[in-house]
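Biologist: Could you walk me through this one slowly, starting with the charged side chains and then moving inward?

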Amino acid sequence: DGGRGGGGSNNPNEPPDEEEKEREAKRDEIIAHFLANKNIDTYMELLTDYLHSITKSFKEYNNDDSKESDDNKKDTQRYFGQLGKCLNVFVALSKSNKTHPMLYKHSIHRDLISLIGVCKDPHKHRYPKMKPMLKICRNNILTYFDQISNDKKFDVLFSNDFDNDSANEKATKPPYFWGFICDMFIEEYKERPHPQLMQQFAHFKSCAIRLVYRWMCRRVDATKPFAQQNKASVPTKEEVEKYKDTYVGEKKISYCMELIIKKYFNDFMDWLKYNDLQVLANTPLVLRQCVIYSCNMEKERPGIKQHVKKVLTLDKLKVIMRLMKAPHDVIQYNACLLMATINEFDKELGATCQAMGAVAILEGFNRMQQQRQQQMAAMQQMQNPAIGYK
């Protein structure tokens, strides 16, 4: 079940165990066999048609309050149970990069987005038995979008149209999909205190954080001069001309990212205090992309930098500084990356970082990293001595 999660280690620096490797190898073997079948498109059409049909049937019963009865309750739960099983298939397929072109081709995302409204707050559903099922479905949706977010087609579906419309200069809230993802990022824990439930909560929150990070990296890349951008992402002259109102020189404005920064940057910062390794390791990376975007667009979009600077109070900087001393390499490294970016972001903030001792910690961290690299190089040289000829 792709939606239950919480299995395996929650340590982002720990390699997968043997059991997990075996599962991944078995899944890859099954997916390779599935993709090699000459009738693959027919199978996918059948699966997709079933997903459309079962989603429609579920909504007919779920949305019709006039049919409140035991039969309506049973039918709603039955159709949603079938929908959940179908969704599990697509989530399993999404875990292999090889299937992503096929999933995009058959537009699986449309039905998933249509379910966000009913799934985003499972505790509010009128039928008690539906609440855990909706929670699993919501987790599956997060997992699916996390898995497919590495692909550039993800941006085409979920942000390009919004960012290419200069009328969104006046927009006041991010698109519906991004509101859902960011709300999952900042959602508070609502279950009873239980280690496994809390681990699952952090696991699926990390899905949202990773998704936001990957997407933001591509938005930040688009704010660089064309010569410095990822070659695969550089727009054509025709694209620049067509959407010239959304460019400032060679820099692409992301109205979507700016709205996310304005609405969520402060709330994102709060998750630097959450006691989970995955969340603490990934959150600084998202915050750093927000800072870099605002810095890259400083002259063209000064309001974004002003907002980021306003959020980065002394108390917030102290939280980052505590993570810079964390006894965990990945968390420490990512926190130092964030602080180094903030230190160069603004002269006043740089002076604050210097005064509070953050710069000294950064210098010590850099020295330690250099020493580690020198030690690793020396060890490799000892293990692989040069071959001499007499």
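**Charges, rings and the core**

Modeller: Glu 19 is exposed, with a relative accessible area of 54%, where exposed means over 50%, buried means under 20% and partly exposed lies in between, using a 1.4 Å probe and protein chains only. Before we go on, please keep in mind that this is a predicted model, in which local features need pLDDT of at least 70 and side-chain atom pairs count only at pLDDT 80 or more, while totals for chains, interfaces and linings use all residues. Residues are numbered from 1 along each chain as its sequence is written, and side-chain values use heavy atoms, with hydrogens and water left out.

Biologist: OK, which residue does Glu 19 form a salt bridge with?

Modeller: Its partner is Arg 23, and the closest N and O atoms are 3.4 Å apart; a salt bridge here is a side-chain nitrogen of Lys or Arg within 4 Å of a carboxyl oxygen of Asp or Glu. Arg 23 is partly exposed, at 47% relative accessible area. Helices are DSSP runs of H or I with at least four residues, strands are runs of E with at least two, and both are numbered from the N terminus.

Biologist: Switching to rings: how many aromatic pairs does the count come to?

Modeller: The count comes to 18 aromatic pairs, taking rings of Phe, Tyr and Trp (its six-membered ring) whose centres lie within 6.5 Å, and calling planes under 30 degrees apart stacked, over 60 edge-to-face and the rest tilted. One of them joins Phe 154 and Phe 158, a tilted pair with 4.8 Å from centre to centre and 50 degrees between the planes. Phe 154 and Phe 177 make an edge-to-face pair, because their ring centres are 6.0 Å apart and their planes stand at 65 degrees.

Biologist: Are Phe 154 and Phe 177 buried or exposed?

Modeller: Phe 154 counts as buried at 0% relative accessibility, and Phe 177 is buried too, at 5%. Ring pairs also gather Tyr 144, Phe 145, Phe 154, Phe 158, Phe 177, Trp 178 and Trp 215 into a cluster.

Biologist: How many residues does the largest nonpolar core have?

Modeller: It has 102 residues, and those with the most contacts inside it are Phe 145, Phe 154, Trp 178, Phe 265 and Phe 268. Helix α10 (residues 195–221) gives the largest share of this core, eleven residues. By nonpolar core I mean a set of buried Ala, Val, Leu, Ile, Met, Phe, Trp, Tyr and Cys residues joined through side-chain atoms within 4.5 Å.

Biologist: Now Cys 290, where is it found?

Modeller: Cys 290 is in helix α13 (residues 277–296), and it counts as buried at 0% relative accessibility. Leaving aside neighbours within four places in sequence, Cys 290 is in contact (heavy atoms within 4.5 Å) with Met 216, Met 257, Ile 261, Phe 265 and Val 308.

Biologist: Which residues of α14 are buried?

Modeller: In helix α14 (residues 302–311), Ile 304, Lys 305, Val 308 and Val 311 are buried. They cover an arc of only 125 degrees around the axis, judged by the directions from the helix axis to the C-beta atoms, which puts them on the same side of α14. The face turned away from that buried side carries the exposed residues Gln 306 and Lys 310.
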